[in-house]
Amino acid sequence: MNMMMGKATRKTEVLISIHEARLHYAVGGAFAAMRGKSTVVKAVDGVTFDIRRSESVGLLGESGCGKTSMGRLLLKLEDTTDGTIHFDGEELTKIQRKRLKEFRTRAQLIFQNPFDAVNPRFTIRQTLSEPLENAGIKRSEREARIIAALELVRLPEPAQFLDRYPHQLSGGQLQRVVMARALILQPEFVVADEPVSMLDVSVRAGVLNVFRDVRDRLGLTAIYISHDLALVRYVCERTIVMYLGRIMEDGPTEDIVHQPLHPYTKALVAAVPVPNPDQSHDPLPIGRGAPDPRNPPSGCVFRDRCPQAFERCAAEVPQPRPVGTRSVACHLF
Amino acid sequence: MSNFKAVGSRLLQLALVLWAVVTILFLMFRLMPGNPMAAYIDPTFTVEQQQQLMAQFGLDKPLWQQYLIYLGNLLQGELGQSFRYREPVGDRIWLLLPNTLILTFSSLIVAYVFGILAGAYLAWRRGSWVEQTAIPLVLTTRAMPEFWLGMVLLAIFSFSLGWFPAGGTRNPGAEYSGFLDLYTSRDFLAHLALPAATLAIYSQGLPLLLMRSNMLDVMKEDFVTMARIKGLSNWTVVVRHAARNALLPVMTSFAIAVGYQLQGNVVVESVFSWPGLGRELVNAVASSDYPLAQGAFLMIALVVIFMNLLADMLYAFLDPRISHA
Amino acid sequence: MPEIAVPTMARSRRANIFARMFRALKLPTNDPFAVAGLLIYLVFIITAIFADSIATHDPNEILYTPAYDLAADLRPGQEGFVMGTTSLGRDVFSQLVYGSRSALLIGITAAFMVALIGSVIGLVAGYFGRWVDTVLMRLADIAFGIPFLPFVIVLAAFLKPSIWNVVIAMALVLWRDTARVIRSQVLTLRSRGYVEAARVAGSSHFKIILRHIAPNILPLSFLYGSIAIGWAILTEASISFLGFGDPDSISWGYMLQDAFASQALAKQAYYWFVPPGVCIILVVSAGFFITRGYENLLFPKLGR
Amino acid sequence: MTESLLSVRDPLLSVRDLRVSYQVGRNFVHAVDGASFDVPKGSITGLVGESGCGKTTIARALTRVMADNASISGGQILFDGKDLAKIPEREMNALRWRDIAFVPQSAMNSLDPVYTVEYQLGEVLRRRGGLDRRQARARCEELFEMVGIDPGRLTDYPHQFSGGMRQRVAIALALALNPKLIIADEPVTALDVIVQRQILDQLKELQERLGLSVILVTHDISVVAYICDRTVVMYAGKVAESGTMQATLTAPSHPYSMGLRNAFPDLQSAAAGILTPIEGAPPNLANPPAGCRFKQRCPFALDLCGAEPPVIEVAPGHPVLCHRAKESAALRIDAARTETWMASA
């Protein structure tokens, strides 16, 4: 099966380059505005990083940090308000209709909720046929491709699933179908948006293992979006920590897990629950309060919860600075 | 700054709708078959009157200039002369508007009080035989032509039983010293009863069905379940939590219902010879009194548009999720 | 996959689209009210089609008794007139039978127009969003600002009297309700993962609308269509009652106007003005009952 | 926590062979099918399991406020000398919130959007606690301070609070009448990790300070590990095993609990190891298989597992629902190896 042949791995080559990307959108109606609430949410606010070929990058953060928006930008499901994203040298906002079709075969998305991600009226065969049709694959070849894709995601005896409807599958099986759909056109780049958060714990590991396997076998470039550092650590060699639309810290996952630098990352790492009763817990190095994406503080967006904040943090937006293997956006460094 | 913009944009929207309706009205009346001047000038007017109106409405000018003059006149509240009454259209409309509003509001208030209570009750008694019979019945009242219902009520309660007068707002020969005197008199209320009942019977279905389905929705909400877990009494759960929440959209629908009712009034006023805007509109159109027809239409449209706006604002005001955003 | 199976699959796929569309309509045959509604429609449709053989007289003909008196104001049963006669000596029963023709003709065409226009506008506005949405929704706001019945009256007065005036007026104004509802439904559908998935899979907008959105919208369009049938019949009746109808075609509204103008109320001629009203109620509520069956499917909370 | 408190000699609540079923069409789905466990006084008991295992159904059954189509079809709920499964509704209602309070998963949906938080606290204090308006006001402030919210925010509406704050409000609400038992149904699931940790800390602090008894329903073993004293592991409508948190997590005796341990990533371990899933999915409860419900997914299943498994006490206060419970020490060693679980797939 030609699908199994991984693309040439050129680890040093940059596949995607994001420069000062911003995604702002208007929210709330007239009444929110009347009460002086900001009507612009800065979902992504000046984000810069590169993704190399065959690299797995974890986008880590809490709800509202912009990680999902970032994923949507990378797939051109949303256009940047400002800044640029180059995919294999091509600027995404300038991509033409015809080339967009090609881009859609190269970049794919794995969804969070498998029950929402497939049309309940479609059989598994119909669901998996759609990308093949769009790519102009001959009808006679489709079935074989579908079976191959289902085998790739280790769905046992795939043929029996073809004419079933989504509600006849378990969450774990359906998530594999969703992965198969993303992989069926042999993309180079995959964004996985919390692919196991809706699944039960006992089946999560299965989906994660398939993801890791397939990625390695096909040499995929992958973005793994999650709020769970333990999961990101399981899948990604590199982690980008986001908070309120900005990047706080970016570096090798193991370094971040064992020695977080940014005060926010420190809090995040300390807060991750551990399934081990013998683990001792330090108090959280963070103040109370919650991020409000509509009214972020001036300067460093984390400063109102940061135990180490000082005057400069209010005055000046910290720029990412290289610290060892990492880059950290904090005035302490 | 942004506050100003938001309110401004809502008002702009209102202005756009107003302008569009006014323009549609202009086009409708100018594009009708026959002499374009017929819209404002009756051949039986005196030559002086005709010339005065020609000048006032610029009827000898090209269409686009007429349009500008028309807009200018509207802004000054100038609607022309009624052919039949030989008096300014505006005066005639101000005379009739109270009758229409009294009929509309009296019937709607009755309909809403009944509809809300009955709707809440039916939601509570969901699945019972009462509910099983009531729902199709309510649907049937929504399927009745209002004027036909009026005819049946007239035939029974006026012509057959003689309990209520057959039409108008007062007995022939009755004189009243003023507004309040007339509208609170027994005579007037007797005349009001049948048309108001007709409209109320027709209108109660909307609040009833809306209240019922909202209640059924709200009863499934977590906070209602929580209220039960708190051990609150059934009454507290159903009335203070379920009904209170279900009421919000029903209250909003009142404003919209006023607009709809005003349109329905057209036929019912005709059945009961009720001297309101709707009947006047029908008569004016039938007797080619175009200025009056246009004025009456415009007035009804104004109320409809204003009520649509009010519905929006009412919701924002009543729902703390919006008013305390 | 064996070679032979491929053409079969192709055919079944094409048939599938229609089958799926049809299944999407999901006639609510397990709801007794909906079945009753469908039956009422059936009876009236049959009556309308075979009006010529069902009616006992020409509905416009002025009739005479065997004694050559004008057959005016006869009570039901008198002189063999099943439902009596009008003041001008016309047969009420035959008028009623022919009335079903104009009622259904207007009702169904108007409903079709309203559902079609409303659905397309709602679909386009909801799916494409941005300025398209803004423009179309402002248009809907304007349509909401037009008082419907007065609009029909003015239109009917200016145009040549015809039963189609009501249809035109409805098509011009009443699409607004359907469009708004369909739009909000499309907005929720558009945010569903599988629609996004279709985009990521490279499907065109047209394909996404046709495959993933339209089938979900169809029951709702049908629902608003069946409500619109009622609206059209009621509107036609009102217009005819007010004297702006087509004098050449017999309709239930025309009958009521005739009765009202001929003092039928004072004469206590219930046989004259009650039957047309009951017919209107039957047809309109039939639409509501079917609708209710749909609501049970679409919003199960309303079910028992 | 002293050991004596953890022994279940004098339990606050004893659930015995509880059965709860949902009517779906003409069929009955037994969401809880013979569950037994004890809840000791003054501690936190974690009710843990995957979606559909019946843990939330049990939580709601304890309040007897259930879905329209759900009913308790058997068993006992012994609380304070009464059987909550049998007492008349009036008696049950008198007990609600005064003795048994509830913290829901989503405080957003569980607070009435049209009333201020003070109104909703006051409603319970006045209507259920018999306080007058002034006393209620004072108690509201006290409660807000207890859960760490500025009492000045009492007059706010629920939507004006952030997710974590709302959850604190829900906890305050549960504490209002000093209940004997608080049932918390996934109280932190919808929250971000940092806020989640803060809420758990708050809950633990209050529990220790006030000596509360809490049932914490969760799917997350790490939450159990962080905060619970006892664990009740549920699988497919039955209790797989129950015991002290230490025993059930460090030395699980049911194969399902052993499998769960391998499926959880552990951030504190030196290196990211290999996670091992439990293949397959829980059985359909409308038509459950005979015998052990875990047998299709269990790498240790034998022929005898086709028969109803016995409850075996592997240690005092640590019952396990498994034919091979006595071999658990040996099975644990096998279960730690990934290959064991691959073979069963």
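The model is predicted, and local features need pLDDT of at least 70, side-chain atom pairs count only at pLDDT 80 or more, and totals for chains, interfaces and linings use all residues. Residues are numbered from 1 along each chain as its sequence is written, while chains are lettered from A and ligands numbered from 1 in the order in which they are written.

Asp88(A) has a positive phi, near 50°, although it is not a glycine. Most residues other than glycine have a negative phi. With 15 other C-beta atoms within 10 Å, Asp88(A) is partly exposed. Here a residue is buried if 20 or more other C-beta atoms, placed from the backbone, lie within 10 Å of its own, exposed if 12 or fewer, and partly exposed in between. In chain D, Asp17(D) also has a positive phi near 50°, but this residue sits in a strand, β1 (residues 13–24). Asp17(D) counts as exposed, with 12 other C-beta atoms within 10 Å.

Turning to the sheet of chain A, eight strands form an open sheet with mixed pairing, in the order β6-β7-β8-β3-β9-β10-β12-β11. Two strands are taken to pair if DSSP finds at least two bridges between them. The edges are held by β6 (107–110) and β11 (321–323) of chain A, each with a single partner strand, so one side of each has no neighbour in the sheet. From one strand to the next, the twist averages 20°. Within the sheet, β3 (residues 56–60) and β8 (residues 221–226) of chain A run parallel and are joined by five bridges; Leu60(A) has Ser226(A) of β8(A) as its bridge partner. Helix α2 (residues 67–74) of chain A packs on this sheet, where it touches β3, β7 (189–193), β8 and β9 (238–243), and its direction makes about 155° with that of β8(A). Such axes are lines fitted to C-alpha atoms, for helices over the stretch in contact, and angles run from 0 to 180 degrees between N-to-C directions.

After α2(A) comes Lys76(A), with a positive phi near 55°.

Strands β11 (residues 311–315) and β12 (residues 318–321) of chain D pair in the antiparallel sense over four bridges, and Val311(D) stands opposite Leu321(D) in β12(D). Two residues separate β11(D) from β12(D) in this hairpin, and Gly317(D) in the turn has a positive phi of about 70°.

Chain C, by contrast, has 12 helices and zero strands. Of its 304 residues, 51% count as buried. Among contacts in chain C with a separation of 6 or more, 74% join residues 24 or more positions apart; two residues are in contact if their C-beta atoms, placed from the backbone, lie within 7 Å.

The largest nonpolar core has 386 residues, and those with the most contacts inside it are Ile153(C), Met170(C) and Ala228(C). A nonpolar core is a set of buried Ala, Val, Leu, Ile, Met, Phe, Trp, Tyr and Cys residues joined through C-beta atoms within 7 Å. Helix α10 (residues 205–241) of chain C gives the most to this core, with 18 residues. Leaving aside residues up to four places away in sequence, Ala228(C) touches Ala110(C), Ala111(C), Val114(C), Ala115(C), Met170(C) and Leu174(C).

Chain B meets chain C through 43 of its own residues, in contact with 39 residues of chain C. By class, the chain B side holds 33 nonpolar, eight polar and two charged residues. In this scheme, Ala, Val, Leu, Ile, Met, Phe, Trp, Tyr, Cys and Pro count as nonpolar, Asp, Glu, Lys and Arg as charged, and the others, Gly among them, as polar. Between chains D and B, 20 residues of chain D are in contact with 17 residues of chain B. The largest share of the chain D side, three residues, comes from α5(D), and this side has nine nonpolar, seven polar and four charged residues.
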